[in-house]
Amino acid sequence: MEISAIIVDDEPNLVEYLQRKLAIQWPELRIAGIAHNGPDSVELAHQVKPEIAFLDIRLPDMSGLEVAKALPTKTKIVFVTAYDEFAVDAFRQAALDYLVKPVDDERLAETIMRLKNRESQDRSALIEILRHARLEQSGYLEWIRAGSNDTTEIISVQDVIYCKAEHKYTSVITRDRTLVIRSSIQELEQKLDPSQFWRIHRAIIVRVDQILKGKRDLRGRYILTLRNHQDTLCSSRSYAHLFKHM
């Protein structure tokens with residue numbers, strides 16, 4: 001018996017990755033459509049009325065909770081999330097379906113088995129557990145996804161030391177590696193919590209608690225020494241006000 005599903009994620013690479021995994025483990029499943037934002041996903045779901053929706057938690061224009069409320073009542077929801085163990089535990093306790101990025105083959109097999117055996121899903125329980133788990137919290141990024149070919153890496157923002165613009169891309173520097181993401185430095189700045197990350201130059205964002213000390217030079221710029229990285233960073237004069245009370 002053919003079962004239909006939609007995939008909702010704002011990153012095409014992750015959509016393709018999940019499609020490939022599903023094609024191998026559940027060849028009878030028909031992907032009836034793909035959406036990359038909240039409004040399009042709701043419209044698509046009501047057009048094709050899929051049995052299953054693989055739904056990213058955080059989407060442009062609408063939250064995952066809003067999308068969940070608006071989907072057809074008979075559509076089973078599998079949340080695909082990059083959140084930490086606190087959130088995952090909340091899903092597990094509510095016996096809801098979830099996948100953690102990057103999707104693991106064994107975990108996907110468990111979810112497929114659960115979907116095949118479960119006749120219905122308690123939508124009200126799903127919405128309540130989302131509220132209590134606070135999965136959408138402040139709206140600022142908690143994880144950064146960096147993709148290379150068919151591999152996606154998930155980086156906690158707490159592991160980021162600084163970010164540097166590289167043309168249309170941005171390098172994300174942690175203690176032991178550098179990854180490249182497709183967002184511009186301006187786009188990334190808007191998504192990061194300004195109480196944790198400072199823009200100190202048109203090309204540089206630094207995590208505040210990684211600043212060990214700053215020394216002002218004759219041009220009014222600050223040369224920053226970092227706690228957990230050998231690089232030094234130079235602020236521009238237009239951002240010097242950030243360091244006046246250091």
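**Close-up 1. S4 counts as buried, at 6% relative accessibility.** This is a predicted model, and we start with a serine that sits in strand β1. Setting aside neighbours within four places in sequence, S4 is in contact with L29, R30, A32, K49, P50, E51 and I52. One of these contacts involves side chains on both ends: S4 and E51 are joined by a polar contact of 2.5 Å.

**Close-up 2. The largest nonpolar core has 18 residues.** If you want to know which members touch the most others, pick out L18, L22, L29, I52, F54 and L99. At least two residues of this core come from each of β1 (3-8), α1 (12-25), β3 (52-56), β4 (76-81) and α5 (105-117). Helix α1 gives the largest share, with four residues.

**Close-up 3. Here is F54 with its contacts.** Again leaving out neighbours within four places in sequence, F54 is in contact with A5, I6, I7, V8, L18, L22, L29, V78, V80, L99 and L115. Apart from the core that F54 belongs to lies another one, made of 16 residues, and L55, I57, L59 and A68 are among them.

**Close-up 4. Strands β13, β14 and β15 form an open sheet, in the order β13-β14-β15.** The pairing is antiparallel. β13 (211-216) and β15 (232-234) stand at the edges with a single partner strand each, so one side of each has no neighbour in the sheet. From one strand to the next, the twist averages 25°. Zoom in on β13 and β14 (residues 222-226), and you'll find five bridges joining this antiparallel pair. For one of the residue pairs to look at, take R216, whose bridge partner in β14 is Y222.

**Close-up 5. Two cysteines, C163 and C234, are shown here for how accessible they are.** C163 is buried, with a relative accessible area of 0%. C234 has 24% relative accessibility, so C234 counts as partly exposed; the cut-off for buried is under 20%.

Methods. Residues numbered from 1 in each chain as written. Predicted model: local features only at pLDDT ≥ 70, side-chain atom pairs only at ≥ 80, totals over all residues. Heavy atoms only, no water. Buried < 20%, exposed > 50% of the residue type's maximum accessible area, 1.4 Å probe, protein only. Pairing = 2+ DSSP bridges. Axes fitted to C-alpha atoms, helices over the stretch in contact; angles between N-to-C directions. Core = buried A, V, L, I, M, F, W, Y, C linked by side-chain atoms within 4.5 Å. Contact = heavy atoms within 4.5 Å. Polar contact = N/O pair within 3.5 Å; in protein donor to acceptor, adjacent residues only side chain to side chain.
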